[in-house]
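Reader: I would like to learn how to read salt bridges and strand pairing in a model. Could we go through one together?

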Amino acid sequence: YTEFSVLSMNGSTVNQINMTSGEDGNLTIRIVNHENKKTTYRLYVTSNGTVQTDKTITLYNKQKVDLNFNFTVGDPGNRTMKFDLYILPGSDDIYKEIKIPLIVTANVTGEESSII
């Protein structure tokens, strides 16, 4: 099996993200290989259909990687961040999936970004 989680900067599991428009976010994506073999993964992160990360990672058995995921939220509204993990080569089936609601409120200063 493979451990796959999205963590806040304090190390707790993220179930929902609440941010203000224009704010920077920092998450950690943790992958731990317990497949009893060297395994190559594809990490694919999207927010409302926009690709944020598409990365290939190879881990030996019992090896762990913590990936920093930094982003800036744009316009106010509700969206979903989707973290998909595939085992390669060639699998089109998602091996593990994490969906996290992202709730963005208006920035009172009026500054906004349109990254996510």
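Author: Gladly. A salt bridge here is a side-chain nitrogen of Lys or Arg within 4 Å of a carboxyl oxygen of Asp or Glu. Keep in mind that this is a predicted model. Asp54 sits in strand 5 and Arg42 in strand 4 (residues 39–47), 12 residues apart.

Reader: How many salt bridges does a search of the whole structure find?

Author: The search finds 4. The general idea is that side chains of opposite charge can pair when their charged atoms come close. Another case is Asp66 with Arg30, at 2.7 Å, N to O. This pair links distant parts of the chain, with Asp66 in strand 6 and Arg30 in strand 3, 36 residues apart.

Reader: Which residues are linked in a network of salt bridges?

Author: Lys82, Asp84 and Glu97 are linked that way. Within it, the closest N and O atoms of Glu97 and Lys82 are 3.3 Å apart. Glu97 belongs to strand 8 and Lys82 to strand 7 (residues 77–88), so the pair ties together parts that are 15 residues apart in sequence.

Reader: How should I read the accessibility of Glu97?

Author: Use the cut-offs: under 20% relative accessible area is buried, over 50% is exposed, and partly exposed lies in between. Glu97 has 40% relative accessibility, so it counts as partly exposed. Lys82, with 24%, is partly exposed too. Asp54 is partly exposed at 46%, and Arg42 is partly exposed at 27%.

Reader: And the strands themselves: what is the order in the open sheet?

Author: The sheet has 5 strands in the order 2-8-7-4-5, with mixed pairing. Its edge strands are strand 2 (17–20) and strand 5 (50–59), each pairing on one side only. On average, neighbouring strands of this sheet are turned by 20 degrees against each other, direction ignored.

Reader: In which sense do strand 2 and strand 8 pair, parallel or antiparallel?

Author: Strand 2 and strand 8 (residues 96–105) run parallel, over 4 bridges. Thr20 stands opposite Thr105 in strand 8.

Reader: What about the partners of strand 3?

Author: Strand 1 (residues 2–7) pairs with strand 3 in the antiparallel sense over 6 bridges, and Val6 has Ile29 as its bridge partner. Strand 6 (residues 64–72) also pairs antiparallel with strand 3, over 9 bridges.

Reader: Is strand 3 mostly covered or mostly uncovered?

Author: Strand 3 (residues 24–33) is mostly covered, with 7 of its 10 residues buried. Arg30 in strand 3 is partly exposed, at 24%.

Methods
Residues numbered from 1 in each chain as written. Predicted model: local features only at pLDDT ≥ 70, side-chain atom pairs only at ≥ 80, totals over all residues. Heavy atoms only, no water. Pairing = 2+ DSSP bridges. Helix = DSSP H or I, 4+ residues; strand = E, 2+ residues; numbered from the N terminus. Axes fitted to C-alpha atoms, helices over the stretch in contact; angles between N-to-C directions. Buried < 20%, exposed > 50% of the residue type's maximum accessible area, 1.4 Å probe, protein only.
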